[in-house]
Amino acid sequence: MSDIKQLLSNAKTIAVVGLSNKPDRASYGVAEYMQRAGYRIIPVNPVLTEPVLGEQPVASLSDIKEPIDIVDIFRRAEDVPPVVEEAIAVGAKAVWMQLGIVNQEAAAAAEAAGLEVVMDKCIKVEHMQQ
């Protein structure tokens with residue numbers, strides 16, 4: 001597993017897969033916090049068309065035209081492998097599976113491809129502890 005403090009201090013851009021446009025959802029609150037902490041947030045959700053937190057959403061990671069430091073995943077564990085495959089394909093530096101999300105197979109694939117992996121942790125909570 002990665003050194004979370006180093007990962008967060010080196011990252012600038014976070015693609016949030018499964019970001020909701022509803023302020024009461026965890027993904028929204030976490031992304032809003034990370035944005036306020038200075039990170040560029042890119043919403044990744046194929047059903048959203050209007051900006052979320054001032055950023056235009058994209059349907060998939062492959063639609064992002066800039067380097068991605070962290071792919072923050074708000075999806076069920078069984079939906080993680082295709083997201084990790086796409087993160088590997090676009091050259092992301094790390095995948096972060098939020099609190100409660102565990103997929104050992106996807107984590108192993110990401111690590112084998114050279115990505116840092118954080119699993120079953122909230123990026124907001126970890127950032128607040130730094």
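1. What covers the buried residues of helix 2 (residues 26-36)? The cover includes helix 1 (4-10), strand 1 (13-17), strand 2 (40-44), strand 3 and helix 5 (123-128), with contact meaning heavy atoms within 4.5 Å. Helices (H or I, at least four residues) and strands (E, at least two) are DSSP runs, numbered from the N terminus.

2. A word on the source: this is a predicted model, where local features need pLDDT of at least 70, side-chain atom pairs count only at pLDDT 80 or more, and totals for chains, interfaces and linings use all residues. Residues are numbered from 1 along each chain as its sequence is written, and side-chain values use heavy atoms, leaving out hydrogens and water.

3. Within helix 2, the buried residues are Ser-27, Tyr-28, Val-30, Ala-31 and Met-34; buried means under 20% relative accessible area, exposed over 50%, and partly exposed in between (1.4 Å probe, protein chains only). After helix 2 comes Gly-38, with a positive phi near 110°.

4. Now have a look at strand 4 (residues 94-97), which is covered on both faces. Ala-94 and Trp-96 are buried on one side, Val-95 and Met-97 on the other.

5. Strand 4 pairs in parallel with strand 3 (residues 70-73) over four bridges; pairing takes at least two DSSP bridges between two strands. Ile-73 has Met-97 as its bridge partner in strand 4. From strand 3 the chain passes through helix 3 (residues 80-90) to strand 4 in a right-handed β-α-β crossover, meaning that the path from the first strand over the helix to the second runs clockwise with the strands pointing away from the viewer.

6. Strand 4 also runs parallel to strand 5 (residues 116-118), joined by three bridges, and Trp-96 stands opposite Val-118 there. With helix 4 (residues 104-112), strands 4 and 5 form a right-handed β-α-β unit.
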